[in-house]
Amino acid sequence: GSYCLSHFTSEPKSGSTSSVKYVASAHLPFLEETVSIGPGLDERWSLLKKGFSDCTELSFRSNDVEYSGSISPLPFPRVATDLSAYTARVDIEGNEIGLDLVIFKLKKYAALVIVGVIGVPPISLVKQLLNLAVSKLNGS
């Protein structure tokens with residue numbers, strides 16, 4: 001398998017990135033939105049998109065614990081320009097956690113929306129949350 005994004009730094013060298021996370025009880029379900037703007041955005045976007053498209057396995061560290069799982073492309077309706085979606089499954093303490101990740105560009109912004117639940121995130125929920133994120137960036 002191919003591990004993705006290992007070469008990708010979390011913070012851009014220039015420009016601005018803002019992230020907000022909404023969490024229910026016991027850390028799930030959650031929604032995370034990250035929006036970037038500024039110089040180097042197109043290059044950073046290309047690296048992120050390539051990193052995700054090359055992924056088959058995902059690993060990350062949280063509270064000094066390493067987690068890993070699988071990731072694959074997710075067919076998703078186009079609600080913004082240059083949109084790519086992925087679905088990941090990670091085992092955390094015996095629970096299968098489903099993560100749907102959607103990256104897109106809109107106007108001068110690049111955004112990442114992550115929805116996480118126990119089991120599989122309902123596509124209707126992910127689409128609704130993504131539409132809200134797009135509306136915010138459109139100023140609606």
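This is a predicted model: local features need pLDDT of at least 70, side-chain atom pairs count only at pLDDT 80 or more; totals for chains, interfaces and linings use all residues.
Leu 99 touches, leaving aside residues up to four places away in sequence, Phe 30, Tyr 86, Thr 87, Ala 88, Arg 89, Val 90, Ile 114, Val 115, Gly 116 and Pro 121, where contact means heavy atoms within 4.5 Å. Leu 99 is also buried, at a relative accessible area of 10%; buried means under 20%, exposed over 50% and partly exposed in between, with a 1.4 Å probe and protein chains only. From Leu 99 to Val 120 there are 21 residues in sequence, and the C-alpha to C-alpha distance is 7.5 Å.

Residues are numbered from 1 along each chain as its sequence is written, and side-chain values use heavy atoms, with hydrogens and water left out. The chain has a mean pLDDT of 80, and 85% of its residues reach 70 or more, pLDDT being the predictor's confidence in each residue, from 0 to 100. Strand 6, residues 95–106, holds Leu 99, and strand 6 has the highest mean pLDDT among the elements, 89, whereas strand 1, residues 16–23, has the lowest, 72. Helices (H or I, at least four residues) and strands (E, at least two) are DSSP runs, numbered from the N terminus.

Turning to the sheet, it is open, with seven strands in the order 1-2-7-6-5-4-3 and antiparallel pairing, and two strands pair if DSSP finds at least two bridges between them. Why is one side of strand 1 and of strand 3 left without a neighbour in the sheet? Both stand at the edges, each with a single partner strand, so one side of each lacks a neighbour there. Strand 3 pairs with strand 4, residues 65–73, over six bridges in the antiparallel sense.

Now to helix 2, residues 123–137, whose 15 residues reach 21 Å from first C-alpha to last, close to the 21 Å expected at 1.5 Å a residue, the expected span being 1.5 Å times one less than the number of residues. Its buried residues are Val 126, Leu 129, Leu 130, Ala 133, Val 134 and Leu 137. Seen down the axis of helix 2, these fall within an arc of 145 degrees, so they line one face of the helix; the arc is that of the directions from the helix axis to the C-beta atoms. The buried residues of helix 2 pack against strand 2, strand 5, strand 6 and strand 7.
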